[in-house]
Amino acid sequence: MLPDCQLMLTSCQYIDYLNRIKQFFERVKSGYHNGKPLHIADPEHSGFAIVSAENFGEMSAQGVQELIRHKNVVITGCQYPPLKFDEAGLRTLAPLDSQVSLIGMILICYTNWLNNCLDYTFPPAARGQNTTPATISGLVTDLLDNARNPDGKILNAIDFPACFTAWDDIPNYLSFATDVVAWDYLRGKPYCGNFTNQYPIAHMRWGLAGTANAVTFIHIDSDGYATFVRVTTGMKVWGILPNHQLSSIDAFLNDFLLDEIASDSTFPLEAIVLCPGDAL
C-alpha cells in the first residue's frame with residue numbers, strides 16, 4: 001500500500017509542487033480495485049510482477065526476457081548492505097566533502113537566485129506560479145545537515161557513479177542485462193577495445209541519496225535504457241505507466257506531459273513502495 005501522502009504534503013515548499021504530488025497519488029488510487037493496488041488485488045492485470053530473489057535466480061533467460069516484455073519486475077529478498085542514512089552510509093557513495101549535483105525545484109522567474117543562495121532557500125511560490133527542476137551544486141554533508149534539521153531543505157543528490165557493482169548478487173543477470181551481454185560479445189573485437197577493458201560501470205550505474213520527501217516527477221529516461229533500482233535504506237515510491245504502448249513515439253505526442261499529469265490525460269498510473277532488499 002502507498003504511504004499517506006498527507007505527510008508529504010506538509011513537507012514541501014511550493015504550491016505547484018504539492019499539486020503535482022496530489023495529482024500523482026490521486027491518479028494512482030483511481031486505478032485501485034476494492035481499495036487495493038493492482039499488484040495486490042489483481043496481479044494479472046498489474047504492470048508489476050512480484051518475484052522473490054530465489055525464484056528469480058532460478059528463471060531461465062527466456063523466462064526472464066518474456067517476463068520483462070510485459071511487466072516491471074520487482075525482486076524481493078535481495079541481499080543488500082546494512083546501510084543507514086548517516087556518515088558511514090553516505091561515505092560508501094563518496095567522501096563527505098565531495099561536490100555533488102543536487103536536484104530541486106525553483107521558480108522559473110528566480111533562476112538567477114541560485115547565484116546568491118548558499119542554503120537552498122528559495123522564494124516561496126505564490127498561487128499560479130510554476131517551478132522547474134533545477135540542478136545545483138552542494139556537498140554530501142549538506143544532505144546530512146538538512147536531514148537532521150527539522151526545518152531542513154528537501155535535497156536529492158544524483159551523481160554517485162560506480163558506488164556498487166549492483167548486479168553481483170543476481171546470478172542470472174546475463175539473461176536480461178543486455179548492456180552487459182553486448183559488452184561481453186564486443187570486447188576484443190576490432191575497434192571495440194580489448195579483453196582487459198572493464199565494463200564502464202561509472203557511466204552506467206549510479207547511486208542516489210535523497211532526504212525524506214525528495215521527489216522526481218514523471219519523466220522519460222534518456223537513450224532508451226531500462227531503469228534498474230535497488231533500495232538499500234529508507235523507502236521509495238515508484239510509479240509507472242503500465243500496459244501502455246510506449247515503444248512508439250506517438251504515445252508522447254498527445255496527453256503526456258513531463259513532471260505533471262494533465263487534467264484530461266488518459267495515462268494510467270501504478271505505484272509500489274520499494275523497501276530495503278527490493279530491486280526493480
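This briefing walks through some features of the structure above, topic by topic. The model is a predicted one, in which local features need pLDDT of at least 70 and side-chain atom pairs count only at pLDDT 80 or more, while totals for chains, interfaces and linings use all residues. Residues are numbered from 1 along each chain as its sequence is written, and side-chain values use heavy atoms, with hydrogens and water left out.

**Confidence**

- The protein has a mean pLDDT (the predictor's confidence in each residue, from 0 to 100) of 77, and 72% of its residues reach 70 or more.
- Over residues 3-10 pLDDT stays under 50, and the model has 11 contacts (heavy atoms within 4.5 Å) beyond four places in sequence for them.
- Residues 118-127 also have pLDDT under 50 throughout, with 31 contacts beyond four places in sequence.
- Where pLDDT is low, the predicted coordinates should not be read in detail.

**Nonpolar cores**

- A nonpolar core is a set of buried Ala, Val, Leu, Ile, Met, Phe, Trp, Tyr and Cys residues joined through side-chain atoms within 4.5 Å.
- Buried means under 20% relative accessible area, exposed over 50%, and partly exposed in between, using a 1.4 Å probe and protein chains only.
- The largest core has 14 residues, of which I21, F24, V28, I218, L241, F256 and L269 touch the most other members.
- Helix α2 (residues 15-30) gives this core its largest share, 5 residues; helices (H or I, at least four residues) and strands (E, at least two) are DSSP runs, numbered from the N terminus.
- Another core, of 13 residues, lies apart from it and includes L90, I136, V140 and A209.

**Rings**

- The structure holds 1 aromatic pair, formed by F24 and F25 in an edge-to-face arrangement, 5.4 Å centre to centre with 90° between the planes.
- Rings of Phe, Tyr and Trp (its six-membered ring) pair if their centres lie within 6.5 Å; planes under 30 degrees apart count as stacked, over 60 as edge-to-face and the rest as tilted.
- Both F24 and F25 are buried.
- R20 places its charged end over the ring of F217, 5.7 Å from the ring centre; this term requires NZ of Lys or CZ of Arg within 6 Å of the ring centre and within 35 degrees of the ring normal.

**Two buried residues**

- T232 lies in the loop between β6 (206-210) and β7 (236-240), and counts as buried because its relative accessible area is 18%.
- Beyond its neighbours within four places in sequence, T232 is in contact with Y80, P81, L83 and P276.
- A134 belongs to strand β4 (residues 131-139) and is buried, with a relative accessible area of 12%.
- Between A134 and S101 there are 33 residues of sequence separation and 9.8 Å in space, C-alpha to C-alpha.
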